[in-house]
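Subject: The structure, and what turned up in it

Hello,

Here is the structure I promised to pass on.

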Amino acid sequence: MDFKKCGPLRGEIMVPGDKSISHRAVMFGALAEGTTEITDFLQGADCLSTISCFQKLGISIENTGGAILVHGRGLQGLQTPQDTLDAGNSGTTTRLISGILAGQDFSCRLTGDASIKSRPMDRIIRPLSLMGASITSERGNSCAPLLIKGSPLKGIAYQSPVASAQVKSCVLLAGLYAEGQTSVTEPALSRDHTERMLSGFGARVESFGKTAVIWPRPRLTGQKIQVPGDISSAAYFLAAGLLVAGSEILLKNVGVNPTRDGILRVIEAMGGSVQSLNPRIVSGEPVADLLVRHSSLRGTTVQGDLIPTLIDEIPVIAVLASFAEGTTVIRNAQELKVKESNRLDIMVESLSAMGVDITGTDDGMIIRGGRPVHGAQVHSRLDHRIAMSFAVAGLAAEGTTTILEADCVNISYPEFYRDLERLQG
Ligand code: S3P
């Protein structure tokens, strides 16, 4: 797919529902008693993988394109699947469902696509094993396929070596089935959607700084959940609005949870204009409308506790930095190497191909911005966030940018290219 430097982007847009929140609404709805109704659910391939896994576990889920209805069967209501569970490309499905499966009274096999089969699962195998779970990597390489035999679990106080909401949520979900309380302490606070939503369903979950604690065997009750727009999807339009001369875009109904809004803080530090309007709480999550205007940007430093709050936005932040005056340094972002692709290497390689002065480091990158950026041919590596980041770069660079395997945006934003085109008038 080809992208060329474009004229002003103008208008309003509603980005699709938050991916992390959509997954959790289905999972917690399945474990609750009664029906959970989910509106603005993200109909992306990752969240559909979560639906299909829970259907195989005996949960009736109606998805007719409008609201999703999850007919929960309670904490003990899952049934032995007849078949291998397939998480597709989704790390969130794989890691969160593993925590739930560890506490059941049946065994199952969990797999995914080539990317999932190469991503580290030792980060969940270790804490779940400490809780008494029986979970092994079929090929002995700490990756999926995983064999999980439901076992009696005991609560632990886990010090996670990584700031990861997938690890934290996996352990907290296993904690629902454990004897005694379970806690997870992170080196930096990751997204807290699990804590917020589980407590809305009736679980006792408390947070103390970087530690989350859960008490077992609550009675969870079906809820109505309205999923806010995904700030990780909004990030591409924020970036495009900032970079393309004359642009002004109103992004309506975007989730601005403080554990997810690091991109807004980075844009502010770079001198970009984003106004947050009409702040409100929707289904326990902070939401606002965001008005972005074209701005000239300067380099900044992105590091430390900020990193987990913008972990999925680093590729598009690297694009912003390429067009900013001065140097941007990104540190402590080694997690990017184990996402859907090695996002550090790919950003360095592909932005270099576009003429950007960029150097990869062990845990991030250094971008000396402000040089002319030109189009190039880049491969998405089947990573949705790489494809969308380069689509934005292509709208601001000279010449033509060609993205190979651009369709992978269906993982988190099936309508992405149509929405981008619509704003070009
Ligand atoms: C997610 C957590 C993050 C993020 C991913 C979604 C979640 O992963 O990158 O896209 O829904 O919990 P990590 O927990 O691996 O940082």
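Below is what I found, starting with the overall picture and ending with the annotated site.

First, some ground rules. This is a predicted model, in which local features need pLDDT of at least 70 and side-chain atom pairs count only at pLDDT 80 or more, while totals for chains, interfaces and linings use all residues. Residues are numbered from 1 along each chain as its sequence is written, and side-chain values use heavy atoms, with hydrogens and water left out.

**Overall**

An unreviewed UniProt entry places the feature "domain: Enolpyruvate transferase" at residues 5-420. UniProt positions are in the numbering used here, feature names are shortened, and annotations may be inferred rather than shown by experiment. Over residues 5-420 the chain is 30% helix and 27% strand, with the end C-alpha atoms 13 Å apart. Helices (H or I, at least four residues) and strands (E, at least two) are DSSP runs, numbered from the N terminus.

**Helix α7**

Buried means under 20% relative accessible area, exposed over 50%, and partly exposed in between (1.4 Å probe, protein chains only). At the N-terminal end, D230 caps α7, with a side-chain oxygen 2.8 Å from the backbone nitrogen of S232.

**Salt bridges**

The whole structure has 25 salt bridges, each being a side-chain nitrogen of Lys or Arg within 4 Å of a carboxyl oxygen of Asp or Glu. One of them joins D83 and K56, whose closest N and O atoms are 3.6 Å apart. D83 is in the loop between β5 and β6 and K56 is in helix α2, so this pair ties together parts 27 residues apart in sequence. Both ends are partly exposed, D83 at 48% relative accessible area and K56 at 29%. In another, R265 meets D261 at 2.6 Å, N to O; here R265 is partly exposed at 39%, whereas D261 is buried at 15%.

**The annotated site, D312**

The unreviewed UniProt entry places the feature "active site" at D312, a residue in the loop between β20 and α9. D312 forms a salt bridge with R343, the closest N and O atoms being 3.7 Å apart. R343 belongs to helix α10, so the pair ties together parts 31 residues apart in sequence. Both residues are buried. Salt bridges that share partners join R191, D312, E340, R343 and D383 into one network. Beyond neighbours within four places in sequence, D312 is in contact (heavy atoms within 4.5 Å) with residues including S232, Y236 and R385.

**R119**

R119 sits in the loop between β7 and α4. R119 is buried yet has no salt bridge, and E340, the nearest side chain of opposite charge, is 4.0 Å away. (Lys and Arg count as positive and Asp and Glu as negative; His and the chain ends are not counted.) A polar atom of the R119 side chain lies 3.1 Å from the backbone oxygen of V338.

Best wishes

Conventions: Polar contact = N/O pair within 3.5 Å; in protein donor to acceptor, adjacent residues only side chain to side chain.
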